[in-house]
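Hi,

Here is the structure I promised to pass on. Have a look, and my notes on what turned up follow below.

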Amino acid sequence: MELEYVEHLSPMLKGDIKNYLIDIDGTITEDVPNEEPERMVTCEPFPDALVTINKWYDEGHQICFFTSRTEDLREVTETWLNKHGFKYHSVLLGKPRGGNYHWIDNHLVKATRYKGKFTDMVEKQVTIEVFRD
């Protein structure tokens with residue numbers, strides 16, 4: 001991963017490289033709750049998710065699966081991702097459950113809600129909540 005460093009600031013990815021943080025359940029496969037881990041073994045990936053994510057990886061973007069699955073489900077999660085051929089750099093477990101996320105960060109954050117199909121990204125103007133200037 002190539003980073004740009006500015007003295008006393010957190011590093012930034014170079015150029016147009018993106019950090020994709022991608023949910024698993026309900027986003028790249030069926031929505032499987034933590035309480036039903038046996039389904040995590042048998043669920044199938046959404047084909048368009050596999051193709052698109054692997055394309056992003058091949059283009060040099062960073063792929064991190066960011067999931068509400070708990071640490072005790074790491075092995076079944078990574079085994080499933082590898083079995084189905086997902087390319088990725090990391091898996092973050094323990095994302096808060098319940099949705100309605102509002103991410104506050106000192107870096108630019110772009111959010112895309114998954115609505116049933118992975119495709120190339122397009123630009124769209126929307127209204128967002130921000131801090132008052």
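F86 touches I28, P45, A49, L50, I53, N54, F65, W80 and L81, leaving out residues up to four places away in sequence (contact means heavy atoms within 4.5 Å). Bear in mind that this is a predicted model, where local features need pLDDT of at least 70 and side-chain atom pairs count only at pLDDT 80 or more, while totals for chains, interfaces and linings use all residues. Residues are numbered from 1 along each chain as its sequence is written, and side-chain values use heavy atoms, without hydrogens and water.

F86 also shows up in the largest nonpolar core, which has 20 residues; F86, I22, I28, I53, I63, F65 and L81 touch the most other members. (Such a core is a set of buried Ala, Val, Leu, Ile, Met, Phe, Trp, Tyr and Cys residues joined through side-chain atoms within 4.5 Å; buried is under 20% relative accessible area, exposed over 50%, partly exposed in between, with a 1.4 Å probe and protein chains only.) Strand 3 (19-22), helix 2 (47-58), strand 4 (62-66) and helix 3 (74-83) each give two or more residues to this core, and helix 2 has the largest share, with 3. (Helices, H or I of at least four residues, and strands, E of at least two, are DSSP runs numbered from the N terminus.)

Then there's N34, in the loop between strand 3 and helix 1 (37-42). Is N34 buried or exposed? It's buried, at 14% relative accessible area. Beyond four places in sequence, N34 is in contact with M40, S68, R69, T70, L73 and R97.

Cheers
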